[in-house]
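Thanks for making time this morning. I would like to go through a few local features with you, so please keep the structure open while I talk.

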Amino acid sequence: MRKVNQNGIMLLIVVLIFSILFLTIIGRYMYIQVTGEVHSVDLVAYAENMRETNTTLQAERGKIYDRSGMALADNRPVYNMYAILDETYTGNSSVPLHLEDAEHTAQQLSNVLDEDVESIKSRIQNGIDNDRYQIEFGSLGQGLSEAEYEAIEELELPGIYFEQTLQRYYPNGLYASQIIGYTGYTDDEEQTQARGAYGIELEFDEYLTGKDGFINYQRDSYGHQLRNAEETVQSPEDGFDIHLTIDQKIQSFLEDALTTVEEAYSPERIMAGVMDPNTGEILAMSNRPTFDPNTRDNIENWYNDMISSPFEPGSTMKIFTLAAAIEEGVYNGNETFQSGQFQINEHSRTINDHDRDGWGEITFDEGILRSSNVAMAELLWDKMGPETYLEYLEDFHLDRMTGVDLTGERIGTISYGGPWEQITTAYGQGSTFTPMQIMKAATALANDGEIVQPYVLSNIQDPNNGQLVEQKDREVVGDPISPDTVEQIKDLLGQTVTEEEGTANAFALDQYTTFGKTGTASIPDPETGLYMSGGPNYYFSFVGMAPQDDPQLLMFVAVKQPDVDYRYQGSETTSYIYRTVMENSLHYLDVSPDQENITHTDETTINDYSGQSVENVTSELSELGFPVDVIGEGNTVESTWPTSGSQVFTNQRVLLRTDDQMTMPDLTGWTLRDVIALSRMTNIDLDYIGSGLVIDQNIEAGNTFSEDRRLVVELSEERNDSEEDEEEEDEEYFE
């Protein structure tokens, strides 16, 4: 009886426990059914979230156009490849939708992507071994072109899929790259978009950047959209288009001229810009070194030197000293002064003309033509006074940034502490300015004394409806001088081009009158603080306009440390760029010529002489004024340096390579540029010691040599007494 009771109690306990568990489970189900929550997680929302998928609809970044509507920055589709490895993705499909055969897939992809089969196979197999649902292919599968995408699609490889995206690209490569800039990428939780990182791309990024759209729908466990499921579509909003004042044709003229000088003279820097001086519109701008924004490989110079690199401009500053003196009524062109040297008093430092002996007692007009430093010192110190001149520097906006709508602008420094600095500023030494500051100030000479604001943005346009979001127009920002002063300056600066004693004869145009001012400025050594000396150690510059009576174009060009032997040869570089770009641009703009054709005898084009007689070619080139050296003992010309079609100066050495074994010429007296040309033409390695002209060579003249030899030359630069005196004065000044 007791045993029966115990069994009943145990049974009751078991029933009670199971009843409690049952009620607990039922209660939990009822709670979940009513509230729809588990651990504060909304199951309905969770399920919808698991079923819902969002696909981003990428907005197109606004395009950048030149003034004629040519795209300077555009977008193109690229494709990112990935592979789905999980066989559940195939589901009930009659054909496989996942990647099945790693060997076959790798083999087919390698034929299109030019990649090792084992490398591709290894990446796929690694994903399979690790039970990955899908894999990507790293850089190999990123940014595939339209052609690569289509070639892979034609292979119909199971499991290989693509995601299309837009890539920024620049159709003209390095042209105007330091104006246009480039984009980078930012990755946040919601979107991945190209963002401006430099230049116009950065300056107007908020306008160029669009707003991504999306598609929202519900899917099954295989990722397929459910039938009759709701779909939400938010269309993307493309970015605004930017229209620049840049003229692609004039930009091309400028880029080609800079490249020619860069290759011929290997300068440290070149900077140049072309502007419509009547409106302030920047039509072209470029620098060397530059870069291709599509690749951005080996960038040597991140700066847009035209706005970011102040330097001592030299005699181009004399324009504004002359303008101030005329405007103040203290300039008398017929008045004479003693050229050569100037001192405030017997105890002061001496200001020297570039010809230290001077030209005797000359008029101020002649002093302008000869670019006399003494004339500027007289005008500043004895005629105007430093305080008055400083006011004009401010009136010409040379004390501030230009406000041009480009990123990275910097400002120079006006050194004006004492008499020496005040006087040297008058002829462009000591104080620093950017090329854009000088160009902005010079617009006064085309606008009856009014300065206009330089700008590169023409307008911003909504591509969806064609409406203008922003429009730039001509803006007058100052009026430092009168129309009468402008006419006197234009006449004097025009004579620097046309008169025999003028310093700008090399800048004369063939069919247009022009006026302007040359500049040759010493460069401080960053290590010693002293001015560097020697032939190439200068900034050679020119600022000019054409035609003279009604200027349509304003141009500034500066070349730093070109490979020239003597200081006076520096204008070969700047004059070539100025004449080439100005003449071509004025014709392109249909500006009517205002003078008869002038033939420049210092420049010609190298013909194609390949296959011709060495004797005949040598004779022809010698008659044109070219020094000619023959490399080899053959009778037929195989190639020339400079190459055929190149525009060169008549004092430039021409090398003829014959169809026989190469022989070494006598390099004595050759410039480094000529020796480098020889090494490039013959593919021989080159080492050099020193600077100046060649005085010794390791391969004797007349000896044969092959491409596996190494040529070593020693160069020496002898300085005359005046150069040594100049260096001593520089040291004294900085001390």
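Predicted model: local features only at pLDDT ≥ 70, side-chain atom pairs only at ≥ 80, totals over all residues.

Nine of the ten residues of α11, which covers residues 318-327, are buried, so the helix is largely enclosed by the rest of the structure. Just after α11 comes Gly329, whose phi is positive, at about 80°.

Let me turn to the strands. For β14, residues 281-288, eight of the eight residues are buried, and this strand is therefore largely enclosed by the rest of the structure. Its partner is strand β13, residues 269-276, and the two pair in the antiparallel sense over seven bridges, with Gly273 standing opposite Met285 in β14. The hairpin that β13 and β14 form has four residues between the strands, and in it Gly280 takes a positive phi near 90°.

My last point concerns two helices, α13, residues 373-384, and α15, residues 419-426, whose axes come within 8 Å and cross at roughly 125°. Angles from 65 to 115 degrees count as roughly perpendicular and those over 145 as roughly antiparallel, and α13 and α15 are therefore oblique to each other. The crossing in which α13 passes α15 is right-handed. On the α13 side the contact is made by Met376, Ala377, Leu380 and Trp381, and on the α15 side by Pro419, Gln422, Ile423 and Ala426.

Methods: Residues numbered from 1 in each chain as written. Heavy atoms only, no water. Axes fitted to C-alpha atoms, helices over the stretch in contact; angles between N-to-C directions. Parallel < 35°, antiparallel > 145°, perpendicular 65-115°, else oblique. Left-handed = near helix turned anticlockwise from the far one by under 90°. Contact = heavy atoms within 4.5 Å. Buried < 20%, exposed > 50% of the residue type's maximum accessible area, 1.4 Å probe, protein only. Pairing = 2+ DSSP bridges.
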